[in-house]
Amino acid sequence: MTLKNSLLSFFMILAFAGSNAQHNYTYQRSISGIEGQWHRIALPPELVGMTLQSLSDIRVLGVTEKGDTIEAPYLLKRKMEQLSTKNVPYNIINKSRIGNIHYFTFQVPGAASVGEIQTEFDAPNFDWKVNLEGSHNQVEWFTIAENYRILSIRNEQLNFQFSKIRFAPVNFPYLRLSIPSNENPELKNATLSMQTVSEGVWNTYPVKHMDVSNNRVIRNTVIDTDLGASLPVSRLSINVADSLDYYRSIVLTYLADSTQTEKGMVYHYSTLLNSTLHSLQRNEFTFSGTNMRKLRIEIFNGDNAPLSYSAILVQGYSHELLVRIAEPAEYFLVYGNPHAQLPVYDIVRFESNIPENAAYLQLGPESIIDAPNLEAEQSYLSKMWLWAVMAIIILLLGAFSLKMLTTK
C-alpha cells in the first residue's frame with residue numbers, strides 16, 4: 001500500500017466516524033395505525049416549528065423485535081397553492097379615441113378564457129381608472145371591470161408599477177380596454193393570460209401579543225407580533241383600517257437568534273422580504289416557509305401620518321409525510337438534530353407509484369429522548385473511535401518505518 005492510498009483510507013475512516021456520530025435526536029412521537037405499506041403523517045405546526053429550517057432532521061425510525069433500528073423512507077409534501085399561467089394569443093385590431101377616452105380592442109382567437117391583462121405603457125408616470133369590456137360582435141359590449149385603477153410612479157426615490165388588470169375569467173372573442181387620459185397612453189405591449197390556482201392547505205396562527213409603535217424621529221411604524229411558540233410561517237396579511245390611498249415601503253423580519261452580553265440580551269433579526277404596502281389591492285405577502293416565534297413589520301411612513309392597523313393574519317401551509325413501511329416494528333417520528341443532513345431516498349424517483357389514498361397515521365404526544373443515555377453512548381463510541389484511530393496511526397507509522405529500513 002502506498003503512502004497516498006494509506007492516507008486516503010485513513011481520512012475516509014475519519015469521515016465515516018464523524019458521520020456516524022450525529023444520530024442524537026431531541027424529540028420523538030410514537031406512530032400508530034400502521035396497516036399496509038404506504039401511509040401519510042400530518043405534521044402539526046408546533047412539530048415543524050421544532051425542526052431545522054430545512055426540515056432535514058425528520059426521521060421515521062422503527063425498532064424491531066430483535067432490537068434492530070430501521071429507517072423508513074418518506075417524501076415531505078408542503079401543501080402549497082399551485083399556480084399555473086397560460087398566455088393567450090391576441091391581435092390588436094383597433095386603436096381609437098373619443099374625446100379624452102382612448103380605446104384598445106383585442107381580438108382573442110377561439111374566444112379563449114382570459115382572466116388577466118398585464119399592460120405596459122411608454123409613460124413612466126400615470127394614474128388611470130380604466131374600464132374593460134367584452135363583446136361577441138363588437139356591437140353589444142358587456143362590462144368586465146369598471147374604474148380599475150392602474151398606476152406607475154417612477155422617480156429618483158420610487159420605482160413602482162401596478163398595471164396588471166385582474167378579473168373573473170371570461171370567454172369573449174373581443175375585449176376592449178378604455179383609458180381616460182388627456183394624453184395618448186401609447187400602449188407598448190399587453191399580455192393576456194389565464195391563471196389556474198389550486199388552493200393550498202393553510203394553518204392560521206393566533207397572534208398572542210401585538211405591539212405597534214410609531215417613531216416620529218425616523219418616521220416609521222414597527223409592529224411586533226408574538227405567536228407564543230415557534231411555528232412555520234409562509235404568509236402574512238396586513239389589514240389597514242384607513243380608507244385613504246397610501247403607498248409605503250415595508251420590511252418583514254423575524255427573530256432568528258439572541259446573544260447574551262454584558263449589557264443584556266441582544267436580539268438578531270433576519271429579513272424575510274422587502275415589499276410595498278399600498279391601497280391598490282389586498283396586502284398579502286407570501287414567502288418561503290420559515291420557523292419563527294416573533295415577527296416584526298417595519299413600515300416607512302416618510303412625510304405621511306402613520307396608518308392604523310385593524311388586524312394581522314399570520315399563516316403557514318401544512319406539511320405531511322408520505323411514508324413507506326416495509327418491515328414490522330415499533331415506529332417513532334424523531335426530530336431535533338442540529339447536525340442532520342437532508343435524507344435522500346429512492347422513492348423520490350418513483351413518486352407516481354405512490355397510491356393517492358394512503359391512510360393517515362396517528363402521532364402520539366411529544367416526548368424528549370433520554371439525552372443522558374445518548375450522550376453516554378456517543379461518549380463511549382467517541383472513545384472507541386479515538387483508540388481505533390490511534391491504533392491505525394501506530395500501524396501506519398510502523399509499516400512505513402519497516403519499509404524504509406527494508407529498502408536501506
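A nonpolar core, as used here, is a set of buried Ala, Val, Leu, Ile, Met, Phe, Trp, Tyr and Cys residues joined through side-chain atoms within 4.5 Å; buried means under 20% relative accessible area with a 1.4 Å probe, counting protein chains only. Keep in mind that this is a predicted model, where local features need pLDDT of at least 70, side-chain atom pairs count only at pLDDT 80 or more, and totals for chains, interfaces and linings use all residues. Residues are numbered from 1 along each chain as its sequence is written, and side-chain values use heavy atoms, with hydrogens and water left out.

Let's start with the overall picture. The protein has three helices and 27 strands, taken as DSSP runs (H or I, at least four residues, for helices; E, at least two, for strands) and numbered from the N terminus. Of its 408 residues, 37% count as buried.

Now look inside. The largest nonpolar core holds 26 residues, and Leu43, Ile58, Val60, Leu321, Val323 and Leu333 have the most contacts within it. Elements giving two or more residues to this core include strand S1 (27–32), strand S2 (38–43), strand S23 (319–324) and strand S24 (330–335). Setting aside residues up to four places away in sequence, Val60 touches Ile31, Ile70, Tyr74, Leu321, Val323 and Leu333, among others; a contact here is heavy atoms within 4.5 Å.

There's also a second, separate core of 25 residues, with Val240, Met292, Tyr309 and Val314 among them. In soluble globular proteins, nonpolar side chains tend to be buried together.

Conventions. Buried < 20%, exposed > 50% of the residue type's maximum accessible area, 1.4 Å probe, protein only.
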